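Subject: Structure handover

Hi,

Here is the structure I promised to pass on, with my notes below it. Please have a look at it first and then read on.

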Amino acid sequence: MAAIVHQFMCLDDNFGVLMHDSATGATASIDVPEAGPVLNALSEKGWTLTHILVTHHHKDHIGGVDEVRTRFPDVTIIAPAPDKARVPGADVYLAEGEEVAVGSLRGKVIETPGHTSGHIVYHFAKEKLLFAGDTLFAMGCGRAFERPAQVLHDSVMKLAALPDDTEIYCGHEYTLSNGRFALRVDPENEALKLRVAQVEKLRAAGEATLPTTIALEKKTNPFFRANDPSVQQTLGMTGAAPADVFAELRERKNKG
Ligand code: ZN
Ligand code: FE
């Protein structure tokens with residue numbers, strides 16, 4: 001596999017993610033939550049930044065872009081076409097289905113409105129990598145800030161349709177609190193209980209709980225399981241439309 005992914009922490013609970021193409025040396029940063037940790041990671045690895053792939057306009061995802069660009073003036077900045085106005089100054093704006101090239105690596109943009117109206121994610125099919133930003137988290141999903149939860153549900157279901165062995169990198173380390181919520185709405189799920197126990201151990205040791213996979217999320221993420229009879233039963237929504245169950249899940253998670 002030509003792609004090497006390096007993940008590290010930024011700000012309080014954001015992930016920095018670099019994807020390096022060993023064939024050409026091209027290196028992409030998925031968002032830039034803050035410049036310092038991204039620049040440190042690049043020099044630690046000896047990689048030269050060639051691309052920035054922006055998922056959405058929130059400050060904790062683009063806050064470090066300008067500073068990183070002054071250090072790597074030739075960097076190509078890719079940003080969501082549906083959110084041009086709020087991510088100004090990018091070199092390329094991409095919409096649904098459009099291709100992104102990082103050296104020899106080829107990805108495709110998937111539009112995932114919900115968390116923000118213009119949120120996009122990057123799927124590198126051959127490398128089996130998904131960079132999901134704040135649309136999807138381990139055992140959770142982003143808040144539906146700018147579109148109704150039903151729209152975010154459609155976006156999350158687009159991601160659920162990707163191959164099971166796709167590795168998913170997300171914008172935040174929210175796994176433990178997501179897992180505790182998941183247990184409340186899916187209490188009999190054995191795979192979920194096991195996973196939350198593993199996550200407790202990882203977090204106690206200060207270790208990251210990402211990446212995850214589509215297969216693991218299908219088994220343990222309640223937002224992937226809005227059509228599951230036991231989740232529906234716990235919510236008192238047996239037989240309800242999955243989009244409405246998803247909206248109820250989102251509502252309950254917002255309340256903590
Ligand atoms: Zn966000
Ligand atoms: Fe974020």
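A definition to begin with: on a 1 Å grid over the protein atoms alone, a cavity is a set of points where a 1.4 Å probe fits but cannot get out, while a pocket is an open set with protein on both sides within 12 Å along at least five of seven lines; lining residues have an atom within 4 Å of a point. Grid points are joined across faces, edges and corners, and a volume is the space filled by probe spheres set on the points.

Two sentences on the ground rules. This is a predicted model, in which local features need pLDDT of at least 70 and side-chain atom pairs count only at pLDDT 80 or more, whereas totals for chains, interfaces and linings use all residues. Residues are numbered from 1 along each chain as its sequence is written, chains are lettered from A and ligands numbered from 1 in the order in which they are written, and side-chain values use heavy atoms, with hydrogens and water left out.

Cavity and pocket

The largest cavity holds about 80 Å³ of space. Among the residues that line this cavity are Phe15, Ile30, His61, Phe131 and Tyr169. The cavity lining divides into seven nonpolar, four polar and one charged residue; here Ala, Val, Leu, Ile, Met, Phe, Trp, Tyr, Cys and Pro count as nonpolar, Asp, Glu, Lys and Arg as charged, and the others, Gly among them, as polar.

The largest pocket has a volume of about 170 Å³. Its lining includes His115, Asp134, Gly142, Tyr174, Arg250 and Lys253, and comprises four nonpolar, three polar and four charged residues.

The metals

Which residues hold the zinc ion (ligand 1)? Its protein donors (N, O and S atoms within 2.8 Å of the metal, or 3.2 Å for Na, K and Ca; water is not among the atoms, so sites may look incomplete) are His56 (NE2), His58 (ND1), His115 (NE2) and Asp134 (OD), at 2.2 to 2.3 Å. In sequence these zinc donors are spaced H-x1-H-x56-H-x18-D. His115, in the loop between strand E8 (105-111) and strand E9 (120-124), and Asp134, in the loop between strand E10 (129-131) and strand E11 (136-137), are 19 residues apart and link distant parts of the chain. Helices (H or I, at least four residues) and strands (E, at least two) are DSSP runs, numbered from the N terminus.

Other spots to look at

Gly142 sits in the loop between strand E12 (140-141) and helix H4 (149-160) and is buried, with a relative accessible area of 1%. Leaving aside neighbours within four places in sequence, Gly142 is in contact (heavy atoms within 4.5 Å) with His115, Asp134, Thr135, Phe137, Leu152 and Arg250. Gly142 and Arg250 are 108 residues apart in sequence, yet 8.8 Å apart in space, C-alpha to C-alpha.

In helix H1 (residues 35-45), the buried residues include Val38, Leu39 and Leu42. The buried residues of H1 pack against strands E1 (3-10), E2 (14-21) and E3 (27-30) and helix H3 (65-71).

Finally, the backbone. The peptide bond from Leu210 to Pro211 is cis, with omega near 5 degrees. Leu11, in the loop between E1 and E2, has a positive phi near 50 degrees.

Best wishes

Note on methods
Buried < 20%, exposed > 50% of the residue type's maximum accessible area, 1.4 Å probe, protein only.
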